[in-house]
Amino acid sequence: MVVIFVRRWIVRGLLVLAGVAVLAAGSAVAYGLYLSASLALPAGDEHPPRLIYGAPFLLKPDLDIASAHLIERLNRLGYRSVETAVRTPGEYRVTPAEIDIYLHEFADFHLRPVPARLALDQGRVTKVLSIPGGDELFPAYLEPQLISGLRGASRQVREWVSYDDLPARFLDVLLAIEDRRFFSHPGIDPIAVGRAVWTNVTRGTVIQGGSTITQQLAKNLFYSPQRTFGRKLKESIAALVLEAKYRKQAILESYANEIYLGQVGSVSIYGVGEAAHRYFGKRVDALSLEETALLVGMIKGPNTYSPLRNPALAKQRRDVVLGRLHEQGLVSDDAWKQAVMTPVRVMPPQDTLADAPFFVDHLLRQVEETTGAPLPDGVRAYTTLDPVLQRLATQTLESELGKLEAAYPALTGHSSPVQAALVALDPATGGILAMVGSRDYRTSQFNRAVQSKRQPGSLFKPLVYLAALEARRELTGGQPITAATSIVDEPVTFESAAGVWAPQNYDHRFHGTVSVRTAIEQSLNIPAVKIAQAVGTKRILQMAEKLGIRSPLADNLSIALGTSGVSLLEITSAYGALAQGGLYVAPSALQAVMTPEGDPAWHRTPVRHQAVSPQAAYVMTSLLRGVVERGTAAKAKAMGLRGTVAGKTGTTDGYRDAWFVGYTPDVVVGVWVGFDDEEALHLTGAQAALPMWVEFVRRISPAATREFALPPAVVTRDIDPQSAQLATSKCPQRSAELFIEGTEPSIYCEVHGSGFWERVKRSFGFS
């Protein structure tokens with residue numbers, strides 16, 4: 001009886017299992033039929049490039065032809081010089097009195113193909129006229145230049161390589177490492193699966209996966225990377241469907257073009273064609289054995305084995321691949337020995353990555369942070385970049401670092417080279433005009449203009465004094481701090497959580513009573529700390545936040561000396577607000593995005609607010625002009641700097657960082673120089689950063705620059721430098737000083753006496 005009962009349960013169990021198996025098989029078949037109708041391999045024309053453009057260039061009166069590099073701009077855009085009258089779009093003619101340009105059409109910006117004449121006077125544009133009517137033409141733009149999206153004349157960044165163009169060496173290496181029985185299995189390799197299961201069981205962990213190339217392709221194209229049994233089952237069914245629908249060659253072609261192969265900066269690399277170009281500057285059919293082995297080896301862990309991120313691990317993995325090829329008899333003894341002895345050399349060609357690789361990386365990162373998604377394929381992105389300024393910035397940084405190393409040979413005796421970064425902004429719009437994040441993008445994609453947070457040192461002091469100027473009469477005692485306020489530069493100590501702090505000046509000397517103007521021009525530390533104590537750190541932190549500083553800042557008096565790290569982009573845009581009358585405009589790289597069909601998809605709305613009063617900004621600009629004229633940056637004029645310039649040097653404690661940020665009414669530029677490991681430069685901002693800044697600005701500024709706009713409620717008074725009071729006829733010295741109206745001194749000099757006649761004249765309105 002028991003036997004019969006057991007038999008019945010066994011039969012029932014088998015029937016249930018059979019039912020489940022039939023149901024599972026039916027579900028798998030149904031899913032397979034669904035996939036058969038819906039799955040399709042991508043084709044080469046399904047990845048239109050993302051076209052990234054610079055900014056259009058405005059042709060306007062008062063444009064200086066030489067400093068604007070106008071002829072270079074025309075040549076970059078493909079305009080042709082002609083000797084006769086311009087007759088077709090793309091022609092230009094230059095004479096001493098005028099430049100005629102037949103402008104190109106550019107539909108996205110509604111630019112019409114019209115002939116324009118730039119009337120000249122001593123190299124400056126006086127009028128922009130239409131030809132032949134002679135009417136004033138406004139606005140008139142040169143179309144934006146393509147900066148990324150194409151290689152050479154026409155090849156796309158994401159270059160699709162057909163199966164017939166995949167070299168035999170690459171296919172041999174790929175199949176030997178990833179799927180030896182690719183041409184004999186139906187999409188799933190039972191032998192590889194069995195070997196993987198045995199290895200994983202005996203090792204007690206997941207070592208091998210046993211996925212075929214077809215399974216990997218299905219996972220990459222259609223499924224998430226999550227390691228679950230359900231995903232693996234779906235992937236296997238999809239692999240069988242793909243094998244049933246497509247030839248093996250089509251599957252290999254798609255795999256070779258869709259495989260993820262790491263990052264170059266913030267740009268994701270897909271496909272062996274793009275990887276060969278990005279990492280080695282070659283076509284895939286020109287790769288050597290060891291280069292092919294490196295790329296195939298990266299498939300296992302694209303970022304783990306990236307030659308840019310981990311060259312040692314990349315070589316280790318490459319040599320494992322070469323060893324496997326040698327074991328399988330695909331590589332001779334001599335070829336194997338030579339390949340493993342070859343060091344990993346990665347040299348992505350800078351000119352073909354983009355005209356502005358650091359800028360493009362920052363742009364793509366900014367897009368993802370703003371929208372939560374990467375820039376889609378096929379769109380046209382219009383940016384703020386000025387390609388000419390970008391070229392000059394890149395050249396200047398490289399050449400000036402070379403000069404610096406030649407002048408100070410000790411800089412070359414370090415484990416890593418001295419680095420630098422430069423960023424240029426339009427203070428009116430916040431647009432990033434140029435950005436260079438290292439001396440060579442090919443060897444370091446780390447963007448020191450954005451990603452690096454370093455102590456700004458004395459570069460932070462103007463924010464302290466701005467907070468004081470804005471406080472007006474709200475400070476203890478009711479006496480406003482002005483450019484003429486006297487401060488005693490003397491030994492001083494402060495109690496802090498870390499103990500007693502005794503700040504020192506750069507020259508380890510004390511200078512007695514000095515004015516705020518002198519303290520800023522000579523970058524004295526003790527007066528800055530005293531002002532910070534009077535103003536309070538809360539006001540200073542609020543000022544920094546208003547000026548766009550988002551990096552965390554220490555809430556203690558050492559903030560006055562720039563002890564908290566900031567990025568170059570942050571501090572440069574903060575100074576940009578001073579150039580714009582206190583109006584802060586958040587820096588941005590992107591202006592607009594157009595769909596592949598030409599419809600607007602996104603347009604930037606500038607983020608701006610009045611961070612500082614126009615009066616305080618103007619007075620601070622006057623103080624920073626003094627830095628360039630008489631202070632720590634006084635040698636700038638001897639270097640060839642022209643025009644109206646304000647700026648500040650920065651040198652951190654221990655000489656680890658050298659800075660200079662300066663501005664004109666039209667552009668603000670920041671420069672940082674230092675070692676990545678924060679070793680000492682033993683150079684000041686004036687020695688290391690200022691020459692680079694001057695060389696760049698000298699090449700982009702006209703000989704005659706406009707002045708900063710004087711806002712209302714700023715007054716000038718003659719004061720006695722000794723008393724900081726109104727000067728009288730008995731004062732041996734007098735100097736004109738700027739004041740925010742209401743903060744100017746009202747008492748005549750009590751040191752030298754009199755002032756009677758001055759009071760009389762003022763009462764009758766004569767002074």
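Predicted model: local features only at pLDDT ≥ 70, side-chain atom pairs only at ≥ 80, totals over all residues.
View 1. Skipping its neighbours within four places in sequence, Phe696 is in contact with Leu389, Leu392, Ala393, Thr396, Leu422, Ala424 and Val669.

**View 2. The five-stranded sheet.** Now for the strands themselves. Five of them make an open sheet, and reading across you get β16-β15-β27-β26-β25, with antiparallel pairing. The edge strands are β16 (432–436) and β25 (646–651); each has a single partner strand, so one side of each has no neighbour in the sheet. On average, neighbouring strands here are turned by 5° against each other, direction ignored.

View 3. To get your bearings, find Ala420: it stands opposite Val673 in β27.

**View 4. Two nonpolar cores.** Nonpolar side chains in soluble globular proteins tend to be buried together. In this model, the largest nonpolar core has 130 residues. Which residues have the most contacts inside it? They are Val673 and Phe696. Helix α20 (residues 614–629) gives this core its largest share, nine residues. There's also a second, separate core of 46 residues, with Leu174, Ala238, Ala256 and Leu294 among them.

**View 5. Two helices crossing.** Helix α15 (residues 461–471) packs against α20 at an angle of about 140°, and their axes are 10 Å apart. Angles over 145 degrees would count as roughly antiparallel, so α15 and α20 are called oblique to each other instead. Their crossing is right-handed. On the α15 side, the contact is made by Pro462, Tyr465, Leu466, Leu469 and Glu470. On the α20 side, look for Ala616, Val619, Met620 and Leu624.

**View 6. A helix tucked inside.** How many of the 11 residues of helix α3 (residues 168–178) are buried? Eight of them are, so α3 is largely enclosed by the rest of the structure. The buried ones are Phe170, Leu171, Val173, Leu174, Leu175, Ala176, Ile177 and Glu178. You've already met Leu174, which is part of the second core.

Terms used:
Residues numbered from 1 in each chain as written. Heavy atoms only, no water. Pairing = 2+ DSSP bridges. Helix = DSSP H or I, 4+ residues; strand = E, 2+ residues; numbered from the N terminus. Axes fitted to C-alpha atoms, helices over the stretch in contact; angles between N-to-C directions. Core = buried A, V, L, I, M, F, W, Y, C linked by side-chain atoms within 4.5 Å. Buried < 20%, exposed > 50% of the residue type's maximum accessible area, 1.4 Å probe, protein only. Contact = heavy atoms within 4.5 Å. Parallel < 35°, antiparallel > 145°, perpendicular 65-115°, else oblique. Left-handed = near helix turned anticlockwise from the far one by under 90°.
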